[in-house]
Amino acid sequence: MTRLVTAAALAAVRLLLFLHPSAFRRAFAREILDDVRRDIAEGAGRGAVHAGAAGVRAILDAASALKDRRPRRQRRVPSFWTDDLRIASRYARAGGTTTAVIGGTLALAIAAAVAIFAVAEAAWLRPLPYPDGDRLVRVEERTDRGGRAGVSVPAFDAWVRELPSLAAAAFYEPRDATVVIRGEADRLAGATVSRELFDVLGVRPAIGRTFTPAPRFGPPAKS
Amino acid sequence: MPDRPLSPVAVLALSSLAESPRHGYAIKKAVALRSRGDVRPGATSLYRTLWQLLEEGLIAESGDRPAAAVDDERRRYFRITPAGRRALASELARLERLIEAARATRRAPQRSRA
């Protein structure tokens, strides 16, 4: 009889435990079932009725404990995100016009800072889009008034000769050109360059070829 | 510290653990004994309470085990934490204030109706 009561009570309690949170079930199911078994065994010592009553009590208890709320983790010390921000937002709402003026000023200042940084980053900080871009330098001559001066080929050759710290050098002179393609004239951005330019920059043309090893001056190589 | 009053089972379980670490079944027996049978939690209710106390940091699993002769090695032992002692003291003080207030109300002379 006791064995039957125990088996029935354990089956019912086990079933009811599936309605409890899984974390609780994983942590305590074995001990609960052990205790139920022990309660019924103790009851059996006083008679079958007591054993049955212990079994019924265990089942009712497993059902009634379903209403117990899940434990909440202990509340942590008030943090910046929970309390300070809440208080700050209350003050901001109460501030009205003052809050709007401060907010607008902040927005303008942030926008100005972002714009200045964007320009500085593009002009000075962003590396050149070439392999070893940080090793590239531009050398040029200036007039007494600060304007750009043209560089002659002998002067360029003298720079290369007299600046051994330069691993390689090439010249580049922006020069736009008007081209006529299929009867239509178009203005294209171009440059006069020396044949070392592609090697110095470390780039290859997307289509076509670079210069052939012809003399720097004179008739172009026949291809 | 929990932001709500502790249940009678939790108070009695904490006070039994304040004496010494115990396993679940021993806590269940201690709760019934201390309350002179007024509070007799079932196994599931008791472990739901212990789970809550564990999650709130008021009790913890104990590595200390009794002598091998009386140790039940299949069972986990629990101990009260310093936060648990503070919570118990605070709850007992709250209950004392409550009882004091109730007694004072009972002692106060009944206001007669005009």
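Visitor: Which elements of chain A each supply at least two residues of the lining of the largest pocket?
Guide: In this predicted model, strand S2 (148-149), helix H6 (153-162), strand S3 (172-174) and helix H7 (197-201) of chain A each supply at least two residues of that lining.

Visitor: And which residues lie nearest its centre?
Guide: Nearest the centre of the largest pocket lie Val137(A), Arg138(A), Val139(A), Ala170(A) and Val200(A), which belong to a lining of 34 residues, and the volume of this pocket is about 1,200 Å³.

Visitor: How do the residues of that lining divide?
Guide: The lining of the largest pocket comprises 23 nonpolar, 4 polar and 7 charged residues.

Visitor: OK, what volume has the second largest pocket?
Guide: The second largest pocket has a volume of about 360 Å³, and of the 15 residues that line it, Asp39(A), Arg57(A), Lys28(B), Arg40(B) and Pro41(B) are the closest to its centre.

Visitor: Which elements give two or more residues there?
Guide: Helix H2 (22-44) and helix H3 (48-64) of chain A do, together with helix H2 (24-34) of chain B; H3(A) gives the most to the lining of the second largest pocket, with 4 residues. By class, that lining has 5 nonpolar, 2 polar and 8 charged residues.

Visitor: Switching to strands, how many bridges join S1 to S3 in chain B?
Guide: Strand S1 (residues 22-23) of chain B is joined by 2 bridges to strand S3 (residues 77-80) of chain B, and the two run antiparallel; within this pairing, Arg22(B) has Phe78(B) as its bridge partner.

Visitor: What about S2 and S3 there?
Guide: Strand S2 (residues 59-61) of chain B also pairs with S3(B) in the antiparallel sense, over 3 bridges, with Glu61(B) standing opposite Phe78(B).

Key. Residues numbered from 1 in each chain as written. Chains lettered and ligands numbered in written order. Predicted model: local features only at pLDDT ≥ 70, side-chain atom pairs only at ≥ 80, totals over all residues. Heavy atoms only, no water. 1 Å grid on protein atoms, 1.4 Å probe; cavity = no way out; pocket = protein on both sides within 12 Å on 5 of 7 lines; lining within 4 Å. Points joined across faces, edges and corners; volume = space filled by probe spheres on them. Nonpolar A, V, L, I, M, F, W, Y, C, P; charged D, E, K, R; others polar. Pairing = 2+ DSSP bridges.
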